[in-house]
Amino acid sequence: MKFNEVIYFDNAATTRKKPNAVYDAFNNYIKEIGTSPGRGSHLLAVEASRCLYKSRKVVSNYFGCPSTNNVIFTKNATEASNLFLRGFLKEGDHVLISPMEHNAIFRPIHRLKEEGRIDYDILPIEIFKDLNANNLDLYIKKNTKLCIFSLASNVTGEILYSSRIIEDLNSRDVKVLLDTAQGAGRVSLNMVDDNIDFLIFTGHKDLYGLPGIGGLCSLKELDIEPLVQGGTGVHSETFTNPDIVPEKYEAGTLNMPSIWSLKAGIEYIEKNKKEIIDKEKELYLICLEELKKLPNIILYGNGNVDKNLPIISFNVDGIDCQKVSYYLSENNICVRSGHHCNILAHTNLGTKNTGVVRISLDYHNLFEEIEKFINVIKKLIKG
């Protein structure tokens with residue numbers, strides 16, 4: 001099989017095609033620099049440190065984070081989530097989460113509850129749809145410290161983010177952690193303007209970075225316990241990580257080729273964002289409308305192109321979602337089926353026992369690919 005002939009509709013897991021600038025950045029770093037920041041004072045180590053600072057600057061500017069020191073790099077959003085939650089939450093704290101949270105949020109939170117450290121409640125989805133401020137008062141307790149919700153669902157693509165929700169939470173003295181793993185490259189954010197206290201991101205999805213890089217941004221300088229102890233490149237004489245940010249939270253060798261590539265991915269998005277979004281909306285609408293024409297198709301989500309990422313989840317009535325995915329794969333079409341690391345969302349959607357088939361489109365997809373996909377689904381339905 002020639003992989004370049006495969007139709008890839010699983011971009012919500014990892015964007016397969018990256019801008020050439022991302023590949024160039026990776027190759028340039030490993031070939032020309034090839035060393036780590038903070039590990040020596042020679043010219044290549046100094047250049048690596050410059051690259052790290054420039055990358056932090058691009059990330060902080062993109063998210064409206066007030067300082068490069070408030071950008072902590074991790075290997076992915078899951079590590080960023082664990083770093084933050086285990087460092088920030090204290091015994092007796094209460095947390096609110098949305099009913100669409102990825103396991104990268106839900107499992108660390110639930111584990112902390114099992115350990116007896118915290119308690120949590122799941123907000124109803126209506127909180128994020130009707131934006132009725134009074135609803136929040138039903139769930140906020142005296143010890144509610146934090147509310148966590150995703151920028152957008154990785155299952156349905158529905159955008160949950162709203163500056164109004166954050167404003168309401170801020171007015172009640174509840175801090176906000178926004179998980180931008182899905183949608184960071186498509187929905188405009190500004191941590192300062194919208195008072196987003198904390199934000200986690202990953203590089204390998206729609207920021208067009210490579211796997212192995214993510215991070216945590218904070219509105220104010222972070223002051224929590226680090227998740228990992230080890231080499232930080234500075235103050236090596238101390239017995240534990242030095243109390244210097246961001247190095248305090250970045251023990252171990254950073255994935256600089258991916259960090260440098262992430263910088264290139266974000267810069268590409270900033271230059272081409274309107275074109276990217278416009279094409280993805282068109283792809284999404286065409287695919288959605290064609291699926292609606294077919295018999296036995298069950299669709300999930302709001303279907304509103306202005307409030308959705310280019311993600312469509314569906315089932316074929318009477319056919320297991322795994323069989324649908326396998327049939328598509330036999331026809332060289334890659335989708336994802338099952339629960340998508342998000343049992344909360346499937347519980348909310350009523351698909352906990354069935355899972356769904358998920359199509360996630362990207363700017364690099366072609367309109368003729370959607371036509372081929374629809375034709376294959378038609379053949380499946382006809383039997």
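Author: In this predicted model, buried means under 20% relative accessible area, exposed means over 50%, and partly exposed lies in between.

Reader: Which residues of α9 are exposed on the face turned away from its buried side?

Author: That face carries Lys323, Tyr326 and Glu330. They are called exposed, so each has a relative accessible area over 50%.

Reader: Which residues make up the buried set of helix α9?

Author: Cys321, Val324, Ser325 and Leu328 are the buried residues of this helix, which spans residues 321-330. They cover an arc of only 95 degrees around the axis, which puts them on the same side of α9.

Reader: What covers the buried residues of α9?

Author: The cover includes the strands β10 (311-316), β11 (333-334), β12 (336-338) and β13 (356-360), together with the helix α11 (367-382).

Reader: Why is glutamate 158 called buried?

Author: Its relative accessible area is 9%, and the cut-off for buried is under 20%. Glutamate 158 therefore counts as buried. The residue sits in the loop between β5 (144-150) and α6 (163-171).

Reader: What is glutamate 158 in contact with, leaving aside neighbours within four places in sequence?

Author: Its contacts are Met100, Lys129, Leu151, Ala152, Ser153, Gly301, Asn302, Lys307 and Asn308. Contact here means heavy atoms within 4.5 Å.

Reader: Why does asparagine 76 count as partly exposed?

Author: Its relative accessibility is 24%. Buried would need a value under 20% and exposed a value over 50%, so asparagine 76 falls in between.

Reader: Where is asparagine 76, and what does it touch beyond four places in sequence?

Author: Asparagine 76 belongs to the loop between β2 (71-74) and α3 (77-88). It touches Phe201, Thr202, Ile213, Gly214 and Gly215. Asparagine 76 and threonine 202 are 126 residues apart in sequence, yet their C-alpha atoms are 5.3 Å apart in space.

Reader: What makes the protein chain as compact as a globular protein of its length?

Author: The chain has 11 helices and 13 strands. Its radius of gyration is 21 Å, close to the 21 Å that the globule rule gives for 383 residues, so the chain is as compact as a globular protein of that length. Along the principal axes, its C-alpha atoms fill a box of roughly 70 × 55 × 35 Å.

Reader: How many of the contacts with a separation of 6 or more join residues 24 or more positions apart?

Author: Such pairs account for 69% of those contacts in the protein chain. As for burial, 53% of the 383 residues count as buried.

Notes: Residues are numbered from 1 along each chain as its sequence is written. This is a predicted model: local features need pLDDT of at least 70, side-chain atom pairs count only at pLDDT 80 or more; totals for chains, interfaces and linings use all residues. Side-chain values use heavy atoms; hydrogens and water are left out. Helices (H or I, at least four residues) and strands (E, at least two) are DSSP runs, numbered from the N terminus. The radius of gyration is taken over C-alpha atoms; the globule rule is 2.2 Å times the number of residues to the power 0.38. Buried means under 20% relative accessible area, exposed over 50%, partly exposed in between (1.4 Å probe, protein chains only). The arc is that of the directions from the helix axis to the C-beta atoms.
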